[in-house]
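Please look at the sequence and the structure before reading on.

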Amino acid sequence: MDPDAYDQLMGRWSRRLAPLLIGFGGIADGERVLDVGCGTGSLTFALPEAAKVAAVEAVDFAAVYVARTQARNTDPRITVREADARDLPFATGSFDRAYSQLVLHHMPQAERAVTEMRRVVRPGGTVTAAVWDAFGGSQNFRIMWDIAGVIDPESPAPFALLRPLTAPGEMAATWKEAGLVDVVQTDLLIRMDFACFDDFWSPLLSGEGPAGKYVAGLTEDRRATLTGLVRRAYLSNRPDGPRSFPTIAIACRGTVPG
């Protein structure tokens, strides 16, 4: 894992999504907020900008991401630590709200993380999360995976696109099964804007994320074939330059019952 490569591949887009997710989930002055799967801090640092919170606790399973977020932090209200989302190191009812942005669909047994977030949030508090709609709402990734699925029968394209919690209504059902009430599921839309094909493609060469691991793991010849075909799709018979892709995150919130 490389925090710089992650920021280029995903961090710049999670920073764009964070205010929309906070607006959907809500926040108020004086609250204690938990960020589960903080990565390099896109949501972590957006939370105190949205309200005069009392504290933000941020956790991530990856030590390198924790170290990067800790190094970036200048806010004494923010604490960052390494922890497993499925076994949170906090007492029951410790927080007013829990958030998770763009991590649950990559996690085995994500429902355990939702149950843990419910546990550590007080009655009347909320649990909110978002995951990418990789199958139906991420055109930029679909370009690569659809081409890879045609030219490489061994590609993990089906698994990469059909992630946990992304089926219709699946997030809402998981929230209800965890015992949350007043559950609302919605879509949040951002645009991923790229300056040119290299800006679009080079982050995938770093090996970050499922797509990056696949591209970086190809032989030189197979990677060159895939690159050429994806470049053709990106250009779409126009000169190289800026392209913008609408991208959907599925978001869900629910209230811890009293």
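In which strand does arginine 122 lie? Arginine 122 lies in strand S5. The model is predicted: local features need pLDDT of at least 70, side-chain atom pairs count only at pLDDT 80 or more, and totals for chains, interfaces and linings use all residues. Residues are numbered from 1 along each chain as its sequence is written, and side-chain values use heavy atoms, with hydrogens and water left out.

**Overall chain**

- The chain holds 10 helices and seven strands; helices (H or I, at least four residues) and strands (E, at least two) are DSSP runs, numbered from the N terminus.
- The radius of gyration is 19 Å, close to the 18 Å of the globule rule for 258 residues, so the chain is as compact as a globular protein of that length. This radius is taken over C-alpha atoms, and the rule is 2.2 Å times the number of residues to the power 0.38.
- Of the 258 residues, 53% count as buried; buried means under 20% relative accessible area, exposed over 50%, and partly exposed in between (1.4 Å probe, protein chains only).
- Among contacts between residues at least 6 apart in sequence, 75% join residues at least 24 apart, where contact means heavy atoms within 4.5 Å.

**The sheet**

- Seven strands form an open sheet in the order S3-S2-S1-S4-S5-S7-S6, with mixed pairing; two strands pair if DSSP finds at least two bridges between them.
- S3 and strand S6 (181-194) stand at the edges with a single partner strand each, so one side of each is left without a neighbour in the sheet.
- S6 pairs with strand S7 (residues 243-255) in the antiparallel sense over 12 bridges, and methionine 192 stands opposite phenylalanine 245 in S7.

- Six of the six residues of strand S2 (residues 55-60) are buried.
- Side chains in a regular strand alternate between the two faces of the sheet. In S2, Ala55, Glu57 and Val59 point one way and Val56, Ala58 and Asp60 the other way.
- Strand S1 (residues 32-36) runs parallel to S2 and is joined to S2 by five bridges. From S1 the chain crosses through helix H2 (residues 42-50) to S2, and this β-α-β crossover is right-handed; that is, with the strands pointing away from the viewer, the path from the first strand over the helix to the second runs clockwise.
- S2 also pairs with strand S3 (residues 78-82), in the parallel sense over five bridges, and the partner of valine 59 in S3 is arginine 81. The crossover from S2 through helix H3 (residues 63-72) to S3 is right-handed.
- The buried residues of H2 include Leu43, Ala46 and Leu47. The buried residues of H2 pack against helix H1 (3-25), S1, S2, S3 and strand S4 (95-101).

**Two single residues**

- Arginine 122 is partly exposed, with a relative accessible area of 30%. Not counting residues up to four places away in sequence, arginine 122 touches Glu31, Gly93, Phe95, Asp96 and Val256.
- Serine 138 is found in the loop between strand S5 (121-132) and helix H5 (139-151). Serine 138 is buried, with a relative accessible area of 2%.
- Leaving aside neighbours within four places in sequence, serine 138 is in contact with Trp132, Asp133, Thr247 and Ile248.
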